[in-house]
Amino acid sequence: LMFLYPLNIWDDSNYPELTETVTVGPFKGLRTSSEKKRIAEATYLELKPLLNVKGPLLIYPNFSAGYLISPVPPARGVVWYQNSGKANEIIRDLYQNQINPDSRVIRMKVWFGTPTVKSQNTFDLNDPLNRLIETTHHPIKETEWFTVFAPNSSTPELKN
């Protein structure tokens, strides 16, 4: 198969820059850039202890690889998610009916494509999904890349 454009591995650096091998987590053994290796390993080591509950797990926006870190089931209807108005209403409605004491939410602060292609995610507190998370959950872990939330125990919407 011939390509007329540079061959890049999806969401990673150019092929010659894939000089490192991931040593832990779901991507163990894969070649990547040194920055992405650091991020993949650190994210795995920070998230793994927090995701030992039964779920469901909601990750937003767009970090579907996070579902590989633990056998926690994803929230129904949500695996690949981009931050957008109407989708946020749909996701809010789906997730709101699944919240229970074992639920976890990972809100990604940074979208990382490659070491040269990354951007900060912004979260409007008036957005329906963000408002649901902010009013029914509390942060249990904060890093430069993500925030992990657990449901508030006093939240009336919680299901036992």
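Trainee: Which residue in E8 is the bridge partner of His-137?

Mentor: Bearing in mind that this is a predicted model, the partner of His-137 in E8 is Pro-151.

Trainee: What makes E7 and E8 count as paired strands?

Mentor: Pairing requires at least two bridges between the strands, and E7 and E8 share five bridges, in the antiparallel sense, so by that criterion they pair.

Trainee: Why is the contact between Tyr-60 and Phe-123 called edge-to-face?

Mentor: The ring centres lie 5.9 Å apart, where the cut-off for a pair is within 6.5 Å, and the planes stand at 80°, where over 60 degrees counts as edge-to-face; the pair therefore takes that name. Because Tyr-60 belongs to strand E3 and Phe-123 to the loop between strand E6 and helix H3, the pair ties together parts that are 63 residues apart in sequence.

Trainee: How do you know whether Tyr-60 is buried or exposed?

Mentor: Its relative accessibility is 0%, and buried means under 20%, so Tyr-60 counts as buried. The peptide bond that leads from Tyr-60 to Pro-61 is cis, with omega near -20°, and Pro-61 lies in the loop between strand E3 and helix H2.

Technical notes: Residues numbered from 1 in each chain as written. Predicted model: local features only at pLDDT ≥ 70, side-chain atom pairs only at ≥ 80, totals over all residues. Heavy atoms only, no water. Helix = DSSP H or I, 4+ residues; strand = E, 2+ residues; numbered from the N terminus. Phe/Tyr/Trp six-rings, centres within 6.5 Å; stacked < 30°, edge-to-face > 60°. Buried < 20%, exposed > 50% of the residue type's maximum accessible area, 1.4 Å probe, protein only.
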